[in-house]
Amino acid sequence: MEYNENMNLVSESGYCMPFNGKNEDVNLVSKFGENGNNNIILETDRYVLKGIADGIVTAIGTNPVTGLYQTTRYDKYEVTYGGIFNALVGFGKKIKAGSILAISGKKLILEVKYDGELIDPIDFLSMIYGNMRMTETGNDSGFPEFDTLDIDIPTDYDDNREEIESLMAQYYPNYLKEIIQGIYHVPEHTEQSLRNVFSMSSMRNCFFETIPSMSNPLGIGERSIPMAVKVQNLLIRDFLNYLALRHRIFLSAMDELSKKKAMTKPSPQPES
């Protein structure tokens with residue numbers, strides 16, 4: 001299915017991964033769509049399974065494929081824990097993030113539906129994990145050791161990364177404050193470049209490759225890396241421009257000619 005901006009799950013009680021704790025290994029045995037699977041299968045042996053967010057238990061039963069299962073509805077999401085050893089919360093019970101729901105068997109069969117349509121549980125777990133990181137609920141993540149949305153974005157400034165991070169720690173709050181107050185004006189070419197990048201990325205369907213979360217509201221994935229690189233370069237470049245114009249601070253690697261050019265507020269052409 002195609003993901004969209006409305007798919008982020010909202011939960012007043014916060015968010016929690018379904019697995020018991022960070023010290024328990026959870027390995028992916030079978031992927032979604034592999035051999036016709038409508039779920040993923042994880043190695044778990046009598047793990048405590050928890051509620052992911054605000055929800056309600058909507059089904060408990062057995063079937064030949066999963067054995068004992070328990071389904072919980074979270075807004076438009078339905079999450080089914082299959083192959084469980086014991087269901088600890090009964091039908092119709094409301095739960096919160098971190099509520100103990102069940103005990104797994106040796107393997108957990110995890111199925112997720114959104115508005116009645118099957119989706120990859122890994123995408124759903126990635127969204128929950130992103131929300132956890134943003135809200136800092138303090139729950140052990142229990143996130144399995146497989147691909148997540150953590151993407152290392154290369155930039156033109158990687159050789160000066162430590163120095164730039166140090167400068168950002170000191171000056172970035174002032175940079176944002178002075179933009180809001182109109183003391184520092186972002187160059188027009190920078191604004192136009194950002195508009196061009198996002199317009200082209202939208203045309204190329206770079207957004208909502210994954211389910212959006214609070215930490216990744218546009219749902220960007222690997223397809224969006226070229227866009228992310230351009231945006232990162234533009235934002236770092238403007239921050240350095242601010243330091244040069246407002247504080248006469250330059251990267252230590254810059255020579256005198258580069259410093260003089262920085263002080264003359266050059267206007268490169270917008271990026272496409």
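Me: How many residues apart are Tyr-172 and Tyr-175 in helix H2?

Reply: A helix is a DSSP run of H or I with at least four residues, and a strand is a run of E with at least two, each numbered from the N terminus. In this predicted model, Tyr-172 and Tyr-175 lie 3 residues apart in helix H2 (residues 161-180), so about one helical turn separates them. Residues are numbered from 1 along each chain as its sequence is written. Local features require pLDDT of at least 70, side-chain atom pairs count only at pLDDT 80 or more, and totals for chains, interfaces and linings use all residues, while side-chain values use heavy atoms, without hydrogens and water.

Me: Is Tyr-175 buried or exposed?

Reply: Buried means under 20% relative accessible area, exposed means over 50%, and partly exposed lies in between (1.4 Å probe, protein chains only). Tyr-175, at 5% relative accessibility, is buried, whereas Tyr-172, at 31%, is partly exposed.

Me: Which aromatic pair does Tyr-172 form with Phe-239?

Reply: Rings of Phe, Tyr and Trp (its six-membered ring) pair if their centres lie within 6.5 Å; planes under 30 degrees apart are stacked, over 60 edge-to-face, and the rest tilted. The pair of Tyr-172 and Phe-239 is tilted, with 5.7 Å centre to centre and 55 degrees between the planes. This pair links distant parts of the chain, since Tyr-172 belongs to helix H2 and Phe-239 to helix H4 (residues 225-247), 67 residues apart. Phe-239 is buried, at 0% relative accessible area.

Me: Which residues form one aromatic cluster?

Reply: The cluster consists of Tyr-172, Tyr-175, Tyr-184, Phe-239 and Tyr-242.
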